[in-house]
Amino acid sequence: MPLPGDEHTGARIAHHRKRAGLTQRGLAQKVPYSYSLLTQVESGHKPASPDLVAAVAKALCIDVTALTGQPYVTELQQDRLAALVRPIREALDLYDLGVDPAISPRPTPQLVAAAERLCQQVRATKLHDAALDLPDTIAEITTAAYRAPSSELWAALSSTYRTAHDLAVKWGYYDLSTVALDRMDWAASRASDPLLSAVRQYMRALVYFREGEYTIGKRLVAAGQGLLDQSPQTRARQAVAGQLHLGASIIAARAHDAAAVRNHLAEARSYADRVGEATDVHWLSFGPTNVTVHAVSAHVEMRHYGEALREAAKVRIPKDWAVSRAAHFYVDQARAQMEAGRSEAALKSMVTARRLAPQQTRYHSGARETIRGLIHLSRRTPDTLDHLAAWVGL
């Protein structure tokens, strides 16, 4: 059965529902959403929220990307992203091949700086630049780590695998992101860095969050917290612990466990009050600002849009904050504004997200669904919205 011509997420839900032999009422009985909402989503009159998409994917036993359409093939071909992704896949396969005799690695401090620079590029959403540099950096650090093993080199290699994961997630290559996380764990264990391993568990939990497997996600966060017992009490450990609570808060929100959300946010805020803005710890954005930003995201996930907007009004983004994180906040704020009937404000938030991080926003499934929702809400589509829709390929 071919996909219908109008390939929005709702149409994909209808396509895969029919393939599973389910009626709309039959699918509605398998997910915690009403028949009325499902029909509106399938017809394209309501945007498909990430939590609904995850629930449907789980009920139909398919991957989330089958419903979101990620990676967005047409746009990726236009931007030649496929040519960028292939060398990254190949570089991730070098992990057990040992020394490459054709490579003469730079000194360790330069390799560590190269790995750090990749993280910085991703935070600044210079995704193409990071993707171009990443494969050669992975190959060079792999050879260096095998030739003269050290915790510093293994940690740098683990960091490059994290960059591969970040790029894969932002572009919708979730199969590749899972491979990258496995490689990250392989290198982190050789670096003997429990904080790095805990960060990896946090990122792994978010993979299950996207897939709607909240129980596994919670267990992974708990495993990450357990790894912290192997690390001394430092500011870095507190920042990672706080970030794990933030991840748990979003997983709890997707599971509609409001009490757990409050508890995890309170724990995270306690850590944030002690460590301040800890953007220097493993390239996290942990701190008081990120706690509030996660409160916004949690309320959006629970469909408490008024509460989300009240939290959003408190956000004051630091000048040195990661552009990628700031843009994500504006996408969340736009969704809350749209659902609250504030279409003009939502459009402004989307424009801000695009200005801050164009590459990231263009391939963000939530941004695309919000733009689609704004189109349906507008009696007359403003030129700015027309441009946004064309830009993301709607």
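## Around R325

R325 touches S285, N290, V293 and H294, leaving out residues up to four places away in sequence. Contact here means heavy atoms within 4.5 Å. R325 sits in helix α18, residues 323-339. Helices are DSSP runs of H or I with at least four residues, numbered from the N terminus.

This is a predicted model: local features need pLDDT of at least 70, side-chain atom pairs count only at pLDDT 80 or more, and totals for chains, interfaces and linings use all residues. Residues are numbered from 1 along each chain as its sequence is written, and side-chain values use heavy atoms, with hydrogens and water left out.

Which side chain of opposite charge is nearest to R325? That is D332, 5.6 Å away. R325 is buried yet has no salt bridge. Buried means under 20% relative accessible area, exposed means over 50%, and partly exposed lies in between (1.4 Å probe, protein chains only). A salt bridge is a side-chain nitrogen of Lys or Arg within 4 Å of a carboxyl oxygen of Asp or Glu. For charge, Lys and Arg count as positive and Asp and Glu as negative, while His and the chain ends are not counted.

## Around V315

V315 lies in the loop between α17 (305-312) and α18. Is V315 buried or exposed? V315 is buried, because its relative accessible area is 10%.

Leaving aside neighbours within four places in sequence, V315 is in contact with T289, T292, V293, V296 and F329. V293 and V315 are 22 residues apart along the chain, and their C-alpha atoms are separated by 6.9 Å. V293 is also one of the residues that R325 touches.

## Salt bridges

Side chains of opposite charge can pair when their charged atoms come close. The count of salt bridges comes to 11. One of them joins the side chains of R106 and E140 at 2.9 Å, N to O. R106 lies in the loop between α7 (81-92) and α8 (108-123) and E140 in helix α9 (residues 127-147), so the pair ties together parts that are 34 residues apart in sequence. R106 is partly exposed at 33% relative accessible area. E140 is buried at 11%.

R254 and E301 also form a salt bridge, at 2.7 Å, N to O. R254 belongs to helix α14 (residues 235-254) and E301 to helix α16 (residues 288-301), so this pair ties together parts 47 residues apart in sequence. R254 is buried at 4% relative accessible area. E301 is buried too, at 9%.

E311 and K314 meet at 3.3 Å, N to O. E311 is buried at 14%, whereas K314 is exposed at 52%. D182, D185 and R200 are linked in a network of salt bridges.

## Cavities

How many cavities of 30 Å³ or more does the structure hold? There are 3. On a 1 Å grid over the protein atoms alone, a cavity is a set of points where a 1.4 Å probe fits but cannot get out; lining residues have an atom within 4 Å of a point. The largest cavity has a volume of about 1,400 Å³. Its lining has 50 residues, of which V169, K170, L206, R210 and H328 lie nearest the centre.

The second largest cavity has a volume of about 50 Å³. Its lining includes P47, R335, M338 and G366. Helices α18 and α21 (365-377) each give two or more residues to this lining.

How values were computed
On a 1 Å grid over the protein atoms alone, a cavity is a set of points where a 1.4 Å probe fits but cannot get out, and a pocket is an open set with protein on both sides within 12 Å along at least five of seven lines; lining residues have an atom within 4 Å of a point. Grid points are joined across faces, edges and corners, and a volume is the space filled by probe spheres set on the points.
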